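Here are my notes on this one, as numbered points.

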Amino acid sequence: MATGVGTDWQAWQESWDRQQEWYMPDREERFRVMLDMVEALVGPEPRILDLACGTGSITARLLARFPDATSTGVDLDPALLTIARGTFEGDGRVTLVEADLTDPRWPSRLPQESYDAVLTATALHWLRREPLAELYGRIAQLVRPGGVFLNADHMSDDSTPRLNAAERAHRHAVMERDRHAGALDWADWWRLAAADPVLAGPTARRFEIYGEHAEGETPSAQWHARVLREAGFDEVRPVWSSPSDTLLLALK
């Protein structure tokens, strides 16, 4: 995918980070715990699969902390992959693959048959339960024995409706305050991307693929844990959580 000469890819990365942090102020904390667990379980030179990698947020933090790590990033979004390719161009530690995670053949496009860790964040809620369960089965085949899968995402708990309502109201009040202070939301960010000469074409293709937003689901952490165990992981539990999100670790 072509990239523009002179495009400030780091500025696009930072813009994406700020937009995501508007929704998730604790985003960096979940990344820190994710990498803590990677180091604890597979060491400081991991071979990583960055699943639904987007602009490469996880990969960037991985390589900053573990310079001898390698990462394969997989995504279907043409615009976010354009930013990722611009960011990591010339870095032999990073391979980027364009693939649809709902296509059962996507693992055949990977450069490796197995990985020390598969990492993903705030992405798989785009899938409904059935395709997500199928994806978990494929992930289990890609993680080596002793390796890990870590998924940080929105995971609901319908057993606490009053708590959920209070947390949601508070979070949205804070977001509205920050919005008035100039924070970009999802739609604002994509409008900027669509207006950029380099990203306009990939952004148009992105909306042809996804529309405004996929109609996914956010099942509970318990659902995720059960399905991951059924897929072949031995130990599964949360290693970090906020009132709305969970970082779930599955050990092969």
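1. Let's begin where helix α7 begins. A side-chain oxygen of D185 comes to within 3.2 Å of the backbone nitrogen of A187 there. Keep in mind throughout that this is a predicted model.

2. Staying with α7, which of its residues are buried? The buried ones are W186, D188, W189, W190 and A193. The cover over them includes α1, α4, α6 (161-180) and α8.

3. Two of those tryptophans deserve a look as a pair. W189 has a relative accessibility of 0%, so with the cut-off at under 20% it counts as buried. W190 is buried too, with a relative accessible area of 3%.

4. Now for the aromatic rings in general. The structure holds twelve aromatic pairs. In one of them, the ring centres of W126 and W186 are 6.2 Å apart and the planes sit at 50°, so this pair is tilted. The pair joins distant parts of the chain: W126 is in the loop between β4 (115-121) and α5 (129-142), W186 is in helix α7, and 60 residues separate them. How do the rings of W189 and W190 sit, then? Their centres are 4.9 Å apart and their planes are at 85°, so that pair is edge-to-face.

5. Which residues do the ring pairs link into a cluster? The members are W12, W16, W126, W186, W189, W190, F207 and Y210. As for W126, its relative accessibility is 17%, and because buried means under 20%, W126 counts as buried.

6. On to α4 (residues 78-88), which is one of the helices covering the buried part of α7. Helix α4 is itself mostly covered, with nine of its eleven residues buried. Those buried residues are P78, A79, L80, L81, T82, I83, A84, G86 and F88. The elements covering them include α1 (9-23), α3 (57-65), β2 (70-75), β3 (94-98), α7 (186-195) and α8 (200-210).

7. At its start, a side-chain oxygen of D77 reaches to within 2.9 Å of the backbone nitrogen of A79. Just after the helix, G90 takes a positive phi of about 85°.

8. How do α4 and α8 pack? The angle is about 140° and the axes are 7 Å apart. That angle makes α4 oblique to α8. On the α4 side the contact is made by P78, A79 and T82, and on the α8 side by P202, T203, R205, R206 and I209. By type, the contact residues split into four nonpolar, two polar and two charged.

9. Is T72 buried or exposed? It is buried, at a relative accessible area of 4%. Its side chain makes a polar contact with the side chain of Y115, at 3.2 Å. Leaving out residues up to four places away in sequence, T72 touches I48, L49, D50, T95, V97, L110, P111 and Y115.

10. A117 sits in strand β4. The residue is buried, with a relative accessible area of 0%. With residues up to four places away in sequence set aside, A117 touches V38, R47, I48, L49 and V148. I48 and L49 are also among the residues that T72 touches. Along the chain, A117 and L150 are 33 residues apart, and their C-alpha atoms are separated by 7.7 Å.

11. Last one: F31, in helix α2 (residues 27-42). F31 is buried, with a relative accessible area of 5%. Which residues is F31 in contact with, leaving aside neighbours within four places in sequence? They are S57, I58, R61 and A121.

Methods
Residues are numbered from 1 along each chain as its sequence is written. This is a predicted model: local features need pLDDT of at least 70, side-chain atom pairs count only at pLDDT 80 or more; totals for chains, interfaces and linings use all residues. Side-chain values use heavy atoms; hydrogens and water are left out. Buried means under 20% relative accessible area, exposed over 50%, partly exposed in between (1.4 Å probe, protein chains only). Helices (H or I, at least four residues) and strands (E, at least two) are DSSP runs, numbered from the N terminus. Contact means heavy atoms within 4.5 Å. A polar contact is a pair of N or O atoms within 3.5 Å; within protein, one must be able to donate a hydrogen and the other to accept it, and residues adjacent in sequence count only if both atoms are side-chain atoms. Axes are lines fitted to C-alpha atoms, for helices over the stretch in contact, and angles run from 0 to 180 degrees between N-to-C directions. Angles under 35 degrees count as roughly parallel, over 145 as roughly antiparallel, 65 to 115 as roughly perpendicular and the rest as oblique. Ala, Val, Leu, Ile, Met, Phe, Trp, Tyr, Cys and Pro count as nonpolar, Asp, Glu, Lys and Arg as charged, and the others, Gly among them, as polar. Rings of Phe, Tyr and Trp (its six-membered ring) pair if their centres lie within 6.5 Å; planes under 30 degrees apart count as stacked, over 60 as edge-to-face and the rest as tilted.
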